[in-house]
Number of protein chains: 2
Amino acid sequence: MVFELLKHSTKSRARVGRLHLPHGVVDTPVFMPVATQATVKGQPFRFITEIGYRLIVNNAYHLYLRPGTDIIKQAGGLHKFTGWQHNILTDSGGYQVFSMGELVKIDPDGITVRSHLDGSYHKLTPEKVMEIQNIFAPDIKMVLDDCPPWPATRERAEESVDRTLRWATICKQHNISDTILFAIVQGSTYLDLRELCAKELVKLNFDGYAIGGVSVGEPREFTLEVVQFVANLLPKDKPRYLMGVGTPEELLEYIKLGIDMFDCVLPTRYGRTGTAFTSEGKIVLRHSEYKNDFNPIDPTCDCYVCKNYTRAYIRHLFNADEMLGPILLTYHNLYFYKRWVDRIRDMILDDAI
Amino acid sequence: MVFELLKHSTKSRARVGRLHLPHGVVDTPVFMPVATQATVKGQPFRFITEIGYRLIVNNAYHLYLRPGTDIIKQAGGLHKFTGWQHNILTDSGGYQVFSMGELVKIDPDGITVRSHLDGSYHKLTPEKVMEIQNIFAPDIKMVLDDCPPWPATRERAEESVDRTLRWATICKQHNISDTILFAIVQGSTYLDLRELCAKELVKLNFDGYAIGGVSVGEPREFTLEVVQFVANLLPKDKPRYLMGVGTPEELLEYIKLGIDMFDCVLPTRYGRTGTAFTSEGKIVLRHSEYKNDFNPIDPTCDCYVCKNYTRAYIRHLFNADEMLGPILLTYHNLYFYKRWVDRIRDMILDDAI
């Protein structure tokens, strides 16, 4: 059993559970820090562990390009290559093709992409994506999906669902047995296509289900509608993962709709560029009002950074282009996200939401 | 008493001692990591403390320019501004003027420099430099000196000694009483001028003596000759600081000549650019031979990085332009320097060198 449902809210569709994964138990709802290139940017893994994270996201496509499958195979998989001792989920790369604009073409049998590193061409098929992930040996693998941008015509969305279903079937066939594989629901903003995709994937009995193709430019109401609709179609005893989302407020909303897992670059990207998440909203530390503000980033936060450093000092680091600025602020933002989701979990357990 | 001499080698002029400073005891010989802009690049202070460092170098001139004296004054000094809880030595900025080529002119009463940040002009006088350092409140302050480049004519070297002596006198007069101030011996490669400078400074009774104006382009033999000559002129009961030096091998040589304190950017700069210090010499981790080398950076090293990460992974981080590469390698290099100097200290205690 991968997912253990501990509590279902009586006030919303929010759930509290646990993921039982090869590298340990993970409480849900869970936010997963993004470590695209096998590192959470600027954070030694001891920081990630100290904050309390036990599950991070690596990107199989990026790591296939660099350092390459051979090196990770020789190392004995991603855990041995990176030294991270807890759980890893690998994204297959379908979304990166969308987000990085490296797509060359999509065929019925796969996606041809052009490397942003050296311009070389690579065909990602479901077989290939599973071959890579089987070598990487993460704790959770993702199927290859066809993620269309928004807006998509109905024809394009139908095609996407057709391919996503076919590729999911192939991925399942090529997955090493007794390892965990999640499917991805596509269908753009067409609810009947989302329903078709979800129901067919559920028939294939995956270990978990992701909702993909949201936060790709569509208006927020559409995202909410799609997530609510799809979450209701997914089995209660399997984890639900909303890919690439979101702000702290969004996490709360989607948790109330029944989502268990999230990943997003916001805390790390904002951390690198000088924006802090605080209990009173986001603040831009570069602003001159913080030049002699000797308070912690967030006076209500008890993280290592807030206990030891001031806004004025961190602002100085950003102004002086010192690496320590991004390092410290990323740490704080990841801590903020962890604490935020932990509190939501407590509220669900208390039947407060 | 600032300096406590514990042992003098019978085989060389090497000494073992202790600095008694406001923020705790520091064993000598000691290497001091450079934190020019109030941060050891890429290292949260907890790493610096964990490695074992209790004394770091800040640059008063850089911090005077940015974030500015006012902000550090409002914070209550450098310790409160940065959060570093151990000892700080502030360099006055005389050397930066030399090394950054920002010098506009040197008068009998001070140095006019042009800011590399905004092109503004600033006159550093001994009075000004002490005013800044008195506000910064480090554990050890340095006088303003006139550091000529190599080669210097005898006339230029005489002028440098004349100014350095006069400025040292003024600095001492303007230092807050009962705070620690070190003088700097100049005189280029003219031994009689070095002797004059050292003897006159010793008469003024400073808390410690630095040897400046070495490693400024002169041949190595000259450096050794100057250091050996000057070290012998300095009082046994005061610490001796060789500024801006050096490689691990150089540290050993100069310790044997009686030097107690060093600072150098080598471990941090090499750490940022991909070169590791190891027990078998320097290695350039970017080289392809390390792409599938799953050994630690230095198999004989027991630092956090060597216990948790491989050469192949760190090489990947550098190739992928990931901040974590510089962070981890700087940590290791600083650990290497600490362990190196600690071993030399043990060897002196054992009368092995």
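## R339 of chain B

R339(B) sits in helix α13 of chain B, residues 324–349. Helices here are DSSP runs of H or I with at least four residues, strands are runs of E with at least two, and both are numbered from the N terminus. R339(B) counts as buried because it has 20 C-beta neighbours inside 10 Å. The scale runs as follows: buried means 20 or more other C-beta atoms within 10 Å of a residue's own, exposed means 12 or fewer, and partly exposed lies in between, with C-beta atoms placed from the backbone. D302(B) is 37 residues away from R339(B) along the chain, and their C-alpha atoms are separated by 10.0 Å.

This is a predicted model, in which local features need pLDDT of at least 70, side-chain atom pairs count only at pLDDT 80 or more, and totals for chains, interfaces and linings use all residues. Residues are numbered from 1 along each chain as its sequence is written, while chains are lettered from A and ligands numbered from 1 in the order in which they are written.

## Two chains, one axis

Chain A superposes on chain B by a rotation of 180° with 0.0 Å of shift along the axis, at an RMSD of 0.0 Å. That is the relation of a two-fold axis. In chain A, M323(A) has the C-alpha nearest the axis, 3.9 Å from it. The superposition is by least squares on the C-alpha atoms of residues with pLDDT of at least 70 in both copies.

The contact between the chains takes 31 residues from chain A and 31 residues from chain B. Contact means that the C-beta atoms of two residues, placed from the backbone, lie within 7 Å. On the side of chain A that touches chain B, the elements giving two or more residues are α2 (60–75), α3 (78–82), α12 (311–319) and α13 (324–349) of chain A. By class, this side has 17 nonpolar, ten polar and four charged residues. Nonpolar covers Ala, Val, Leu, Ile, Met, Phe, Trp, Tyr, Cys and Pro; charged covers Asp, Glu, Lys and Arg; the others, Gly among them, are polar. Of the interface residues of chain A, 100% are also interface residues in chain B, so the copies meet through the same surface.

## Two domains in chain A

Chain A is assigned domain 1 (29–264) and domain 2 (276–353). These bounds come from an automatic or database domain assignment. The domain centres, taken over C-alpha atoms, are 28 Å apart. Domain 1 of chain A gives 16 residues to the contact, and domain 2 of chain A gives 14 residues.

On the domain 1 side, β4 (30–32), α1 (45–51) and α9 (248–256) of chain A each give two or more residues. α9(A) gives the most, with five residues. This side has eleven nonpolar, three polar and two charged residues.

## Helix α9 of chain A

The buried residues of α9(A) are E250(A), L251(A), Y254(A) and I255(A). They fall within an arc of 135° seen down the helix axis, so they line one face of the helix. The arc is that of the directions from the helix axis to the C-beta atoms. Their cover includes β4, α8 (220–233), β13 (240–242), β14 (261–263) and α13 of chain A. After α9(A) comes G258(A), with a positive phi near 105°.

## Helix α8 of chain B

In α8(B), the buried residues are T223(B), V226(B), V227(B), V230(B) and A231(B). Their arc is within 120°, so they line one face of this helix. On the other side, E221(B) and N232(B) are exposed.
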